[in-house]
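Reader: I would like to learn how the words used for a structure follow from its values. Can we go through one together?

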Amino acid sequence: MQTFLKLSYLGSSSALLAATCCVLPMLLMLLGIGGSGLAVFGLLAAASYPVLVLSTALLLVAGWLAHRRATAARLRWWLGGSAALTAIAWLIALNESRINDYLIMQM
């Protein structure tokens, strides 16, 4: 079970990174850090939705296994944290253009 929890956190963290692939460079530019790393984030942008779907699937499998093994109550904070990271990643990915427009207006 611990393996699935670790995989769900890994998936959630990678989903959050993939979702912020276009927002993070804008924030870095606003902070005065150059945009030379934009090419790296461009590679992540193509994979953001598949990574989000995969992380959601890992989270659901971990939750299902925890429920099946009757350990969901004990692991609720782990699963809740992973679910929160995944939800934030989905919110960022689905509102990416609005966030980018707001950041561009701040420049």
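Reader: At what angle do the axes of helix α4 and α5 cross, and within what distance do they come?

Author: This is a predicted model. In it, the axes of α4 (residues 48-68) and α5 come within 10 Å. They cross at roughly 155°.

Reader: What makes α4 and α5 roughly antiparallel?

Author: Set the angle against the cut-off. Angles over 145 degrees count as roughly antiparallel. The axes cross at roughly 155°, so α4 and α5 are roughly antiparallel to each other. Their crossing is left-handed.

Reader: Which residues make the contact between α4 and α5?

Author: From α4, they include Tyr-49, Leu-52, Ser-55, Thr-56 and Leu-59. From α5, they include Leu-79, Ser-82, Thr-86 and Trp-90.

Reader: Why does Thr-86 count as buried?

Author: Thr-86 is found in helix α5. Buried means under 20% relative accessible area. Thr-86 has 4% relative accessibility, so it counts as buried.

Reader: Leaving aside its neighbours within four places in sequence, what is Thr-86 in contact with?

Author: With those neighbours set aside, Thr-86 is in contact with Ser-12, Ser-55, Thr-56 and Leu-59.

Reader: Why does Ala-57 count as partly exposed?

Author: Ala-57 is in helix α4. Under 20% is buried, over 50% is exposed, and partly exposed lies in between. Ala-57 has 37% relative accessibility, so it counts as partly exposed. There is also a partner from elsewhere in the chain to look at. The C-alpha atoms of Ala-57 and Ser-8 are separated by 8.6 Å. These two residues are 49 residues apart along the chain.

Reader: Which residues of helix α6 are buried?

Author: In α6 (residues 96-106), Glu-96, Asn-100 and Leu-103 are buried.

Reader: How do you know that the buried residues of α6 line one face of the helix?

Author: Look down the axis of α6. Its buried residues fall within an arc of 65°, so they line one face. The face turned away from that buried side carries the exposed residues Arg-98 and Met-105.

Reader: How many helices and strands are in the protein chain?

Author: The chain has six helices and zero strands. Of its 107 residues, 29% count as buried.

Reader: Which element has the lowest mean pLDDT, and which the highest?

Author: Helix α3 (residues 38-45) has the lowest, 64. Helix α5 (residues 76-94) has the highest, 84. For the chain, the mean pLDDT is 75. Where pLDDT is low, the predicted coordinates should not be read in detail.

Terms used: Residues are numbered from 1 along each chain as its sequence is written. This is a predicted model: local features need pLDDT of at least 70, side-chain atom pairs count only at pLDDT 80 or more; totals for chains, interfaces and linings use all residues. Side-chain values use heavy atoms; hydrogens and water are left out. pLDDT is the predictor's confidence in each residue, from 0 to 100. Helices (H or I, at least four residues) and strands (E, at least two) are DSSP runs, numbered from the N terminus. Buried means under 20% relative accessible area, exposed over 50%, partly exposed in between (1.4 Å probe, protein chains only). The arc is that of the directions from the helix axis to the C-beta atoms. Axes are lines fitted to C-alpha atoms, for helices over the stretch in contact, and angles run from 0 to 180 degrees between N-to-C directions. Angles under 35 degrees count as roughly parallel, over 145 as roughly antiparallel, 65 to 115 as roughly perpendicular and the rest as oblique. A crossing is left-handed if the near helix is turned anticlockwise from the far one by less than a right angle, and right-handed if clockwise. Contact means heavy atoms within 4.5 Å.
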